[in-house]
Amino acid sequence: MARWGRVVAAHAALILLAGVFMLPIAWMVSTSLKPDDALFTERIVWIPPRIAWENYQTALTTFPFWLYLRNTLVIAILTMAGTVLSCLPPAYAFARMRWRGRRFWFWVMLSTLMLPPQVTILPVFLLFRWLGWVDTFLPLIVPAFLGNAFFIFMLRQFFITLPQEVVDAARIDGCSDWLILWRIVAPMSKPAIATVALFAFVWSWTDFMGPLIYLNDASKFTLAVGLQYFLGRHGEQWNLLMAAAVVVTAPLVGVFLLAQRAFVRGITLTGLKG
Amino acid sequence: MRLETRRTLYGYLFVLPWLTGFMLFTLYPILATLYFSFTDYRVLGAPRWVGLENYRALLADADYFWRSVGNTLFMLIEVPLSVVLGIGLALLLNQRLRGQALYRTLFYLPSVVPAVATAFLWLWVLNPQNGLAVPMNQALTQLGFSPILWFTDPATAKWGFVVMDLWAIGGVMVIYLAALQGVPSHLYEAALLDGARGWQLVRHITLPQIAPVIQYMVIIGVIGAFQYFTQTFIATQGGPENSTLFYALYLFQNAFQFFRFGHACAMAWLLFLITLVATYLIWKISLSRVFEEAVGD
């Protein structure tokens, strides 16, 4: 009896809280389907008198969604590829190779994890400006090819859990570390690599400050910055704004639902927020 | 070549991508920021050495600099709130219940929404004329309280961000959930045998066991408050009446809107020092508390 009471109480609490958490999302979807004249009402109206699907059509055309989607995808995919390629060798060196300076550099790398991005942002901007890369995608992509401390740490944590005998056996067979990494360790680490790729993709997709600083021309915007620009120009058309917000959010929710397990694993591996 | 030397050479070759990135995007910028913080540097013209002038000007600036520090310190209220709410939710979601996977997904979902969309969403939800805030304000008025105007009122604008951030607590909750699942079950079994029940189990087994995670999350929370940017940039731009002018936003404005690079770099270095001190203090306090508990019992 006591056990039953607890289960019911737990369900009740969870349903109530989940309802509260979902309320804003429901309001976003509901607003996005309201015709202009049903937008400002005295009472809360959840189901609009007429479902205005055309809001999505309008939002997708006034806001160059497909162009921004393409820009975002180009940046996110290249960032993802660069991150995976450039983080694997350092992670392997920190996990599986013996060399002088390893401990020192590993410590240096860990301490950069705490560094606020604002400390480095201005000189990096001046560097890219000097290179003539402002208003191109390069400042958003190239750094991904030069390693990322979070992801190197994450991969290293995974690599040290792999059985040492496999690596040793390959060494005895005369394999170089480079071959061991790409032929043996990388294939064994597919789940960890998938997690890193996923996080790199999602972070790039949602990054706001980077595109805000480096992209000036409206035709080069990503979805995140484009959405903000759209808000500035259609500040009162909340149905269109919410439709645009739904459209920008939906692909991420889809990715999350498909790759839920990889997300949770990544979070537990690193203690990072998503 | 000696084996030892060759190994070291290979080691460096493998970490070369990161090492290059570290030199270009971390080490050089930290030093450059330090140098610029002692100069008068605007878009046009070379940096001109002014010594501590930028720091002096900032520390004397009550209207903007200290205002941004005060606003940011207010946001630290989120740190204890997110510890309590995060652990509370994680405890609920860690029970063996049917449909638990669905509940976990629902609570995590808001943290998947991109910050730009989150900011939009809450501007609209908390809009005092047409949003979901209306029925709440009607209830408040009927009870004799004054309505809450959220982002349009300097007195409550910061609370709007607190609500917005707590809504996206899923990322924090999942970390606590993972920590809870790492607590060895034999500890609970032993405590149950000793007659411990309910809250006692949480107090004496769960919390001490996940203490290092709580400590880590507190550090991240404090540092995060000083880096709080995207939401304010989109939702309020620091308004109304500078009530949401947070540290990172004012730093950004100095760098990319007023083009006072020297000021921005001085703020960046102060932020760096604040981060170091906060990390050190939290580390020390929680270590000594853990130690006392171990000795005290």
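In this predicted model, A:R171 forms a salt bridge with A:D177, with 2.8 Å between the closest N and O atoms; the term stands for a side-chain nitrogen of Lys or Arg within 4 Å of a carboxyl oxygen of Asp or Glu. A:R171 is partly exposed at 31% relative accessibility, whereas A:D177 is buried at 19%. These classes follow from relative accessible area: under 20% is buried, over 50% is exposed, and partly exposed lies in between (1.4 Å probe, protein chains only).

A second bridge in chain A joins A:K220 to A:D135, the closest N and O atoms being 3.7 Å apart. This pair links distant parts of the chain, 85 residues apart: A:K220 sits in the loop between α11 (209-214) and α12 (223-233) of chain A, and A:D135 in the loop between α5 (118-130) and α6 (138-141) of chain A. Helices here are DSSP runs of H or I with at least four residues, strands are runs of E with at least two, and both are numbered from the N terminus. A:K220 counts as partly exposed, with 26% relative accessibility, while A:D135 is buried at 19%. A:D217 also belongs to this picture, as A:D135, A:D217 and A:K220 are linked in a network of salt bridges.

In chain B, B:E53 pairs with B:R56 in a salt bridge whose closest N and O atoms are 3.2 Å apart. Both residues lie in helix α2 (residues 53-59) of chain B, three residues apart, about one turn of the helix. B:E53 counts as partly exposed, its relative accessibility being 34%. Over all chains, the structure holds eight salt bridges.

On the side of chain A that touches chain B, helix α1 (residues 2-32) of chain A gives the largest share, 18 residues.

The contact (heavy atoms within 4.5 Å) takes 93 residues from chain A and 85 residues from chain B. About 7,800 Å² is buried between the two chains, and carbon and sulfur atoms give 81% of this area; the value is the accessible area (1.4 Å probe) lost on putting the two parts together, summed over both.

Turning to the fold, chain A has 14 helices and zero strands. Its radius of gyration, taken over C-alpha atoms, is 24 Å, whereas a compact globule of 274 residues would have a value near 19 Å, by the rule of 2.2 Å times the number of residues to the power 0.38. The C-alpha trace of chain A spans about 75 × 70 × 30 Å along its principal axes. Of the 274 residues of chain A, 54% count as buried.

Residues are numbered from 1 along each chain as its sequence is written, with chains lettered from A and ligands numbered from 1 in the order in which they are written. Local features need pLDDT of at least 70 and side-chain atom pairs count only at pLDDT 80 or more, while totals for chains, interfaces and linings use all residues; side-chain values use heavy atoms, with hydrogens and water left out.
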